[in-house]
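Please read these notes with the structure open beside you. Take the points in order.

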Amino acid sequence: MSSGSTIDLYWLPLGAGGHSVRLNGRVYEAVAARLARRAAYDLYHSALEVCVPEGNFVIEQTPVLGSEEQRGVVAQGAVGSRWAGRFRIFRYEVRRWQNGVIPDVAEAVESPTRLSHDPRLAQLLLDLVPSVPTPVWGRDELGTGEMWNSNSVVSWLIARSGLAAESIRPPVGGRAPGWNAGLEVARRQDIPR
């Protein structure tokens, strides 16, 4: 394999390019901060770009959109509740999109962060994407103490591929809800039974 293989992490402000998600995120964070008696932070959504000799791949969890084949969809899950997931508007998709783009990448903060140049790890991460857990988005179905979301998917993939995901932090003054949920699920899967 080529030494040109890379794994890059991007931090996108929650709701970049849109007003509704950004506003809802600010309200969510204000309530969460008040309940936790702490300052409010900027919220971030994470995505990955993996380059291997076969091409560049964008890995991200997003709402379900048009044709799945065009975006490299490898998994879907429900948003809010399993019952609501019967309707397209309440589903998310996990993408492994060859030659894909990260929407609003121009708004990414402290990005990209290069996680690896190792071609073996880059291929392993790509191979893991279809096996990412798909619990209900926004819920803690897996008992991690934190909701599952796009950050959970990314941190799970990073940890399961053998990279030091625990040392990764969002941009200064920000937080990535769901990140620890992915780490916890990956840790559990690493424990021999």
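1. At the start of α3, how far is a side-chain oxygen of Asp118 from the backbone nitrogen of Arg120? The oxygen reaches to within 2.7 Å of that nitrogen. Helices here are DSSP runs (H or I, at least four residues), strands likewise (E, at least two), numbered from the N terminus.

2. A word on the source. This is a predicted model: local features need pLDDT of at least 70, side-chain atom pairs count only at pLDDT 80 or more, and totals for chains, interfaces and linings use all residues. Residues are numbered from 1 along each chain as its sequence is written, and side-chain values use heavy atoms, without hydrogens and water.

3. Now helix α3, residues 119–128. Leu121, Ala122, Leu125, Leu126 and Leu128 are buried there (under 20% relative accessible area; exposed is over 50%, partly exposed in between; 1.4 Å probe, protein chains only). Seen down the helix axis, the buried residues fall within an arc of 165°, so they line one face of α3. The arc uses the directions from the axis to the C-beta atoms.

4. What do the buried residues of α3 pack against? Their partners include β1 (6–13), β2, β3 (55–63) and α4 (150–160).

5. Ser46 lies in strand β2, residues 42–52. Ser46 is buried, with a relative accessible area of 0%. Its contacts (heavy atoms within 4.5 Å) include Leu9, Trp11, Asn151 and Trp179.

6. Phe90 lies in the loop between β4 (73–78) and β5 (91–98). Phe90 is partly exposed, with a relative accessible area of 37%.

Definitions and conventions:
A polar contact is a pair of N or O atoms within 3.5 Å; within protein, one must be able to donate a hydrogen and the other to accept it, and residues adjacent in sequence count only if both atoms are side-chain atoms. Lists of a residue's contacts leave out its neighbours within four places in sequence.
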